Amino acid sequence: ETKVDMKVNPILLEVFKNRFASISEEMGVTLIRTAFSPNIKERRDLSCAIFDHSGDMIAQAAHIPVHLGSMPLSVKAAIGHGNWEKGDMVILNDPFKGGTHLPDITLVAAVFAESGVPEFFVANRAHHADVGGMSSGSMPLSTSIFQEGIIIPPLKLVEKGAIDRKIMGFLLNNVRTPVEREGDFAAQVMANVTGVRRIEELIAKYGLDKTRFYAGALMDYAERLTRKTILEIPDGSYEFEDVMEDDGISDHSIRVHVRITIQGDTATLDFRECDPQVRGSINAVYAITLSAVLYVFRSLVQKDIPTNAGCLRPINVLTRKGSAVDALFPAAVAGGNVEMSQRIVDVVLGALSHAVPETIPAASQGTMNNVTIGGVDLRKGKPFAYYETIGGGMGASFRCNGESAVHCHMTNTMNTPVEALEYSYPFVVTEYSVRRGTGGHGHHKGGDGIVREIELLSDAEVTVMSERRRIPPYGLFGGEPGSVGKNVIIRNKGIEQKGGKFSASLNKGDRLRIETPGGGGYGPPES
């Protein structure tokens, strides 16, 4: 194989940066426009990215941080699955093979050129509103991954362009809402078809060698700028710790600790003092911890660089196998993706606040406020499964107040609009408002949380997984913490205050009220 002797042309580098990113974005648009579930088409709980022949990420769309840092490990697991032929796509969701939690299902497709071997891969990950398991919505207060849903190892769902109906039938037989799932799977297939087509067009225009060369050059470019950013952080060792309030099974808090060592243009993050993995489902697999770290350091880079494998080259992440941030099979992990990932971000930012105080914000709400509701819709006589995360307050910073009522950090989804929610599910939204006065006071004030209250028009099973219900999001440098959140069930016979994590049976006419936390304040309040 002859290597073309090339020098990086900065204009072409920018062209390829935007071409790769726009292909990822177009894949996302295809998936959103063709999906069946409100969780994907309205909330946009999905991510798309492009990878090189070995599974290193070249580019991603600006989708969900917790998906994107972890997807390369899924893609590498899929690549190792076996022989690839043109038109093949591999499906998987196993958290211990690069997944995050079972509802996040990844689909990987290969891009072939004249060489006859895969030269690139495209992949998308979408959160399915139900994948089986012990509770509707597949986000249970579980003690083992086997209670959380169907575990899919790398399997060829699409072979030479045709969906394997046996595998599809098997998957659909294990979920509560098969029609919606099949529609979302088909949307994922079409998103990859779009990505493959666009990369083939790119290769046809510029040639395989040039396309490969600039894919590598983009990783080198991202690495250089990440190293430059780390170089500007003062050398030293910075520590921070916080806790997860409980695991949904016992009331014990779980310590999350990091020591960050900055040495020149490299950063080492040592999580080995975190508590051991717990019985409940808030454990994170290694891929999630890596995602959270990538998200923070990518956010520190001021320039518009591609988020790819190059960003992680100067960063070393140390964990202890069997800890709450690097759980071992068969640990329960449904909430690690959504809740533990947020706390990992909180401690990494907290440690960096000692090093670059004017860059780092106070703690944001620190939870995704996961709500799953499932049952039979009496209006249609069909089962339904609803999943949503609810925004809250962002932490204030040296420069400004925190944003109110937004999705923060590891979730980058939108909300499900009231109209879409009431159209798709047997719900009436009785209140949806900004939770005024919940941001922490300070020189700059933390953002306020959200109130979301839903009345059920059918009996249903409800599971809520949330954090920051007892221990508030921290303020920085004299700023006050944000307010803690509240979970309430309103029944005819009275009001029930609930903890951060609970499952309950609700009857028609009962209401679920979620009040989300505010962000922390920054700097002492002016007296």
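A salt bridge is a side-chain nitrogen of Lys or Arg within 4 Å of a carboxyl oxygen of Asp or Glu. Lys97 and Asp94 make one of these, with their closest N and O atoms 3.3 Å apart. Keep in mind that you're looking at a predicted model. Searching the whole structure turns up 46 salt bridges, and here are a few to look up.

**A bridge across the sequence**
- Asp88 pairs with Lys156, and their closest N and O atoms sit 2.8 Å apart.
- Asp88 is in the loop between helix H4 (71–79) and strand E3 (89–92), while Lys156 is in strand E6 (residues 155–159), so this pair ties together parts that are 68 residues apart in sequence.
- Asp88 is buried, at 1% relative accessibility.
- Lys156 has a relative accessible area of 14%, so Lys156 is buried too.

- Lys97 has a relative accessible area of 37%, which makes Lys97 partly exposed.
- Asp94, on the other hand, is buried, with a relative accessible area of 8%.

**A bridge within a helix**
- Arg227 forms a salt bridge with Glu223, and the closest N and O atoms are 3.0 Å apart.
- These two, Arg227 and Glu223, are four residues apart in helix H7 (residues 208–231), so about one helical turn separates them.
- Arg227 comes out as partly exposed, at 22% relative accessibility.
- Glu223 counts as buried, at 16% relative accessibility.

**A network**
- Some salt bridges share partners, and through them Asp242, Asp246, Arg343, Asp346, Glu467, Arg468, Arg470 and Lys501 are joined into one network.

Note on methods. Residues numbered from 1 in each chain as written. Predicted model: local features only at pLDDT ≥ 70, side-chain atom pairs only at ≥ 80, totals over all residues. Heavy atoms only, no water. Buried < 20%, exposed > 50% of the residue type's maximum accessible area, 1.4 Å probe, protein only.
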